[in-house]
Amino acid sequence: MSQSILEIRHLRTLVALRDTGSLVRAAQLLNLTQSALSHQIKLLEDRYGTPLFERKSVPPQFSGTGLRLLQLADATLPMVEEAERDVARLAAGGAGQLRIVVECHTCFDWLMPAMDAFRSRWPEIELDIVSGFHPDPIALLLQNRAEVAIVSEQDPAETVDYHPLFQFEIVALLANDHALVSKTHLTARHFADQTLITYPVPDEMLDIVRQVLAPAGVQPAQRRTTELTVAMLQLVASGRGIATLPLWAVQGYLGRGYVTARRVGAKGLTGELHMACTAATSARPWLADFVQITRESCFVSLPGIALL
């Protein structure tokens, strides 16, 4: 029998293609160029003399050969990943704890599934969320009160490591009969005579204020705050004001026609999320796995995000 050309990377490519539904998104998930990913697939197809999936179908429909290789990937990759984690445990020794402080109110929608996946892989790591709102989450890292902080921007002045997660669009949310629904997008001046509904956080933590309103010198006519996303959307739907939230956090409400979304600026308003931790935490064997789990689960489950 001839020597197999199959490598772990080939199996991961096929799984990424299945999970993301397109060559473009699979390449983004694997941090490859689309041409590099296509080259991998062509290498396998040339080797086996048959297509692995139907190119014109969206999502791709795998051939019998492709399905068999996916079966192999589903059996093999978990064993490889488990072995790698075991080796890391043996090298590091002992258990540990991972306390997470969250700056973003909407983060729990994607953080909890990532934590569940991490817990199943690293059951010996004590996993917890630091309760309450913290205006300076980096301080908790430096005070050894948390291992990881989810933050919206990198501060080069801080002596911590940053692990990029993803970028996302932030949209303006309006009542369906609001006058501004007629606009293709909103600019800073459209907020000047409105009530802006936000979470109860400092202005420097709000992308709409930091990136749009403050540079334009615009202050909304009124401000209103609430800690609950659903309460914010209820206020918007009843005409009490307008809000800005990540598109992925409100996609379900938009699909039901509960409120209307408009872009902020002609090119849209984008936000970012990063994991911050100390250099000592970065060196822990489970940290890289937590970052990867979070990036992959969010990329597959959240609409419209791009990996950083």
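1. The buried residues of helix α9 are covered by parts of the structure that include α5 (108-121), β6, α8 (229-237), β10 and β11. In this predicted model, helix α9 spans residues 247-255, and the residues in question are W248, A249, V250 and L254. Just after the helix, G257 adopts a positive phi of about 70°.

2. Strand β6, which is among the elements covering α9, covers residues 161-174 and is itself mostly shielded, since ten of its 14 residues are buried. Its pairing with other strands deserves a careful look, and the next two points take the partners in turn. As background for reading them, side chains in a regular strand alternate between the two faces of the sheet.

3. How do helices α1 and α3 cross? The axes of α1 (residues 8-20) and α3 (residues 34-48) come within 10 Å and cross at roughly 110°, which means that α1 is roughly perpendicular to α3. The crossing in which α1 passes α3 is left-handed. On the α1 side the contact is made by R9, H10, T13 and L17, and on the α3 side by L37, Q40, I41, L43 and L44; by type, the residues of this contact divide into five nonpolar, three polar and one charged. An α-helix has 3.6 residues a turn, so residues three or four places apart point the same way.

4. N31, in the loop between α2 (23-30) and α3, has a positive phi near 60° although it is a residue other than glycine, and N31 is exposed, with a relative accessible area of 68%. N144, in the loop between α6 (137-142) and β5 (148-151), is not a glycine either and has a positive phi of about 60°; at 55% relative accessibility, N144 also counts as exposed. The peptide bond from V58 to P59 is cis, with omega near -5°, and P59 belongs to the loop between β1 and β2 (61-62).

5. Is T198 buried or exposed? This residue of strand β8 (residues 195-198) has a relative accessible area of 5%, and because buried means under 20%, T198 is counted as buried. Leaving aside residues up to four places away in sequence, T198 touches L206, R223, R224, T225, T226 and M232.

6. G49, by contrast, is found in the loop between α3 and β1 (53-54) and is exposed, with a relative accessibility of 66%. The C-alpha atom of G49 is separated by 57 Å from that of E227, a residue 178 places apart from it along the chain.

Notes
Residues numbered from 1 in each chain as written. Predicted model: local features only at pLDDT ≥ 70, side-chain atom pairs only at ≥ 80, totals over all residues. Heavy atoms only, no water. Buried < 20%, exposed > 50% of the residue type's maximum accessible area, 1.4 Å probe, protein only. Helix = DSSP H or I, 4+ residues; strand = E, 2+ residues; numbered from the N terminus. Axes fitted to C-alpha atoms, helices over the stretch in contact; angles between N-to-C directions. Parallel < 35°, antiparallel > 145°, perpendicular 65-115°, else oblique. Left-handed = near helix turned anticlockwise from the far one by under 90°. Contact = heavy atoms within 4.5 Å. Nonpolar A, V, L, I, M, F, W, Y, C, P; charged D, E, K, R; others polar.
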